[in-house]
Amino acid sequence: MNLNPTQSMQNVRIRFPESALKALPSPKAVFTDRLAPADPIRIEAETSAIRETGLEIETIPPLTPLYLEVSKP
């Protein structure tokens, strides 16, 4: 969630606990924003990369909430 009214957040990483990593689909996972009414953020990532460095979100626009759903590609 980016509550800043004027600046985007850049290069955000989400780290997951081991219990959540075990539940991710392998070898890839898709994360889709469920709150965006149109053109939602969609990120496809290798599960191994998520395990090592976390899920990278390049940009979160100003005043943007995110609620990410995880699925298989």
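Tutor: Happy to, and keep in mind that the model is predicted. Let's start with a term: a strand here is a DSSP run of E with at least two residues, numbered from the N terminus. By that rule, Asp33 lies in strand β2. The chain as a whole has two helices and five strands, in the order β-α-β-β-α-β-β from the N terminus.

Student: Is Asp33 buried or exposed, and what about a salt bridge?

Tutor: Asp33 is buried, so its relative accessible area is under 20%. A salt bridge needs a side-chain nitrogen of Lys or Arg within 4 Å of a carboxyl oxygen of Asp or Glu.

Student: What lies 3.0 Å from a polar atom of the Asp33 side chain?

Tutor: The backbone nitrogen of Leu35 does. The backbone nitrogen of Tyr67 is 3.2 Å from a polar atom of that side chain. The cut-off for a polar contact is 3.5 Å, so both distances fall within the limit. Beyond its neighbours within four places in sequence, Asp33 also touches Pro40, Ile41, Pro65, Leu66, Tyr67 and Leu68.

Student: Why is a set of residues here called a nonpolar core?

Tutor: The name applies because its members are buried nonpolar residues joined through side-chain atoms within 4.5 Å. The largest such core has 12 residues, among them Val12, Leu24, Phe31, Ile43 and Leu66. Strands β2, β3 and β4 each supply at least two of its residues, and the largest share, three residues, comes from β4.

Student: What makes Asn11 exposed?

Tutor: Its relative accessible area is 53%. Exposed means over 50%, so Asn11 qualifies. Asn11 is found in strand β1, and its phi is near 50 degrees, a positive value in a residue other than glycine.

Student: Where is Leu63, and what is its phi?

Tutor: Leu63 sits in the loop between β4 and β5, with phi near 50 degrees. Leu63 is exposed as well, at a relative accessible area of 55%. Most residues other than glycine have a negative phi, and most peptide bonds are trans.

Student: Which residues does a cis peptide bond join?

Tutor: Ser26 and Pro27, where omega is about 5 degrees. Pro27 lies in the loop between α1 and β2.

Terms used:
Residues numbered from 1 in each chain as written. Predicted model: local features only at pLDDT ≥ 70, side-chain atom pairs only at ≥ 80, totals over all residues. Heavy atoms only, no water. Buried < 20%, exposed > 50% of the residue type's maximum accessible area, 1.4 Å probe, protein only. Helix = DSSP H or I, 4+ residues; strand = E, 2+ residues; numbered from the N terminus. Lys, Arg positive; Asp, Glu negative; His and termini not counted. Polar contact = N/O pair within 3.5 Å; in protein donor to acceptor, adjacent residues only side chain to side chain. Contact = heavy atoms within 4.5 Å.
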